[in-house]
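Trainee: I am new to this structure and would like a close look at a single part, the sheet. Could you take me through how its strands are put together and what surrounds them?

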Amino acid sequence: MSAKVLPQKFKPDYTKSFPYLTPSSEGPNHAYCKVCNSNFSIARGGKNDCEKHTKTASHKKLADSLKKNTTLLSAFGKTSSSPTEQKITRAEAT
Ligand SMILES: [Zn+2]
């Protein structure tokens, strides 16, 4: 029982996969979910805990209700759009 298990910390990278998650005020081993408006521990599984949270019934329910709420959706929606800007075609050069 002496296996060292370091508690997982919230990495900024997580927000790429989970845009609704932010670092928590509870500490580095927690994540804050904007959808659920709650903190949860990620000390054990890190990103895996984030995925697990995403699959919880309560999160799904709230995320689903957010989808129907366009006002709140616009707050999240911007992050999902691709940053790839359409390059201006060289139509004029021809
Ligand atoms: Zn959540």
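**The sheet and its surroundings**

Mentor: Of the 94 residues of the protein chain, 12% count as buried, where a residue is buried if 20 or more other C-beta atoms, placed from the backbone, lie within 10 Å of its own, exposed if 12 or fewer do, and partly exposed in between. This is a predicted model, in which local features need pLDDT of at least 70 and side-chain atom pairs count only at pLDDT 80 or more, while totals for chains, interfaces and linings use all residues. Residues are numbered from 1 along each chain as its sequence is written.

The secondary structure of the protein chain comes to 4 helices and 3 strands, and from the N terminus on the elements run α-β-β-β-α-α-α; helices (H or I, at least four residues) and strands (E, at least two) are DSSP runs, numbered from the N terminus.

The 3 strands form an open sheet in the order E1-E2-E3, with antiparallel pairing, and two strands count as paired if DSSP finds at least two bridges between them. The edge strands, each pairing on one side only, are E1 (21–24) and E3 (38–41). From one strand to the next the twist averages 40°, an angle taken between N-to-C directions on a scale from 0 to 180 degrees, with axes that are lines fitted to C-alpha atoms.

Turning to the pairs themselves, E1 is joined to E2 (residues 27–33) by 4 bridges, and a hairpin through 2 residues connects E1 to E2. Ser24 has Gly27 in E2 as its bridge partner, and Thr22 has Tyr32 in E2. E2 is likewise joined to E3 by 4 bridges, the two strands running antiparallel, and one of the bridge partners here is Ser38 in E3, which pairs with Cys33. The hairpin formed by E2 and E3 has 4 residues between the strands, and Asn37 in its turn has a positive phi of about 60°.

In soluble globular proteins, nonpolar side chains tend to be buried together. Here the largest nonpolar core has 9 residues, namely Phe10, Tyr14, Tyr20, Leu21, Ala31, Cys33, Val35, Ile42 and Cys50; such a core is a set of buried Ala, Val, Leu, Ile, Met, Phe, Trp, Tyr and Cys residues joined through C-beta atoms within 7 Å. Leaving aside its neighbours within four places in sequence, Ile42 is in contact (C-beta atoms, placed from the backbone, within 7 Å) with Gln8, Phe10, Asn29, His30, Ala31, Asp49 and Cys50.

Definitions and conventions
Two residues are in contact if their C-beta atoms, placed from the backbone, lie within 7 Å.
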